[in-house]
Amino acid sequence: MSEARAEPGTVWFVGAGPGDPDLITVKGRGLIERAGAILFAGSLVDEAATRWAPPGCEIADSKGMTLDQMSAWLIERAARHETVLRLQTGDPALYGALMELVQPLDAAGVPLRVVPGVSSAMASAAAAVETFTLPELTQTVIFTRVAGRTPMPAGEELAALAAHRCTLCIFLSITLLGQLTAELRAAGWAEDAPMLVVHKASWPGEEQILRATLADVKQRCREAGIVSQSMVIASPTLGSRHWPELAKSKLYDPSFTHRFRRASVPAQPEL
Ligand code: SAH
């Protein structure tokens, strides 16, 4: 046990990435290497993320803890260690109960910092070689979920958001596919609209990529036994890797001048 410090150490909320331990940031890894104590989210963050912890580092799984117990743990460790980590899955700003832990630390006068991480939404796109944005098709991404135990605020029902026809990254909803597909239908999405489900994106040896349509996604997930830890993506961009014609991004258009490059051919007049 280390001595109590005159000033509390800093609690770092670190995005551990989506599962592959190599997808933590260099900064996050450096913090693990000098951590005196690490509280990690056991249900999703691979324990391998703690493989760089120094000998003697106190490492605890928050799986069985309440939020009160977690903040008490962090405050108590900050009294003894210069560097204390809360390792969270993906990015801490998305569905991470960040403020529920930040507020008690603020109240206790414990300094804190946040280090971003690779969200599972981005890891899912990477796994499937997909893009969330395509010129002239959609330039908008919505991160959302279907109402489960947490109700959706008014106006944020999936059916309302889906009316935008943009890319939807739907978290925390793999057990609610009946409701999810009903809401996309209510927004007018076609039965053959492509859907992507990525289970354990980036987890070495465990990732599953399932391509389906609105009509069969629920059945296909059931057949594949996918019932947890999955990202559901609905987007008009899905499958664009194989499209013969893409509207090219203006950024790389030879007639387009921007800050870093002069146009090599004169722009055509807009018709
Ligand atoms: N902060 C996290 C999200 C935490 S909420 C992030 O930025 O990714 C937990 C939800 O995230 C899960 O229900 C699932 O929808 C998604 N998720 C987390 N890790 C995942 C992974 N490796 N593959 C697919 N989905 C994942």
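Glu58, Glu76, Arg77 and Arg80 are linked in a network of salt bridges. The model is a predicted one. A search of the whole structure finds ten salt bridges. This briefing looks at some of them, then turns to strand β10.

**The charged network**

- Side chains of opposite charge can pair when their charged atoms come close.
- Arginine 77 and glutamate 58 form a salt bridge, at 2.8 Å from N to O. Arginine 77 sits in helix α2 (residues 67–78) and glutamate 58 in strand β3 (residues 58–61), 19 residues apart.
- Glutamate 58 also meets arginine 80 in a salt bridge, at 3.1 Å from N to O. Arginine 80 lies in the loop between α2 and β4, so this pair ties together parts that are 22 residues apart in sequence.
- Arginine 77 is buried, at 13% relative accessible area. Glutamate 58 is buried too, at 17%. Arginine 80 is buried at 11%.

**Another salt bridge**

- Lysine 63 pairs with aspartate 61, with their closest N and O atoms 3.7 Å apart.
- Lysine 63 is exposed, at 58% relative accessibility. Aspartate 61 is partly exposed, at 28%.

**Strand β10**

- Five of the five residues of β10 (residues 230–234) are buried, so the strand is largely enclosed by the rest of the structure.
- In a regular strand, side chains alternate between the two faces of the sheet.
- Ser230, Val232 and Ala234 are buried on one side of β10, and Met231 and Ile233 are buried on the other.

**Partners of β10**

- Strand β7 (residues 167–171) pairs with β10 in the antiparallel sense over three bridges. Leucine 168 stands opposite alanine 234.
- Strand β8 (residues 194–199) also pairs with β10 in the antiparallel sense, over five bridges. Leucine 196 has isoleucine 233 as its bridge partner.

Notes: Residues are numbered from 1 along each chain as its sequence is written. This is a predicted model: local features need pLDDT of at least 70, side-chain atom pairs count only at pLDDT 80 or more; totals for chains, interfaces and linings use all residues. Side-chain values use heavy atoms; hydrogens and water are left out. Buried means under 20% relative accessible area, exposed over 50%, partly exposed in between (1.4 Å probe, protein chains only). Helices (H or I, at least four residues) and strands (E, at least two) are DSSP runs, numbered from the N terminus. Two strands pair if DSSP finds at least two bridges between them. A salt bridge is a side-chain nitrogen of Lys or Arg within 4 Å of a carboxyl oxygen of Asp or Glu.
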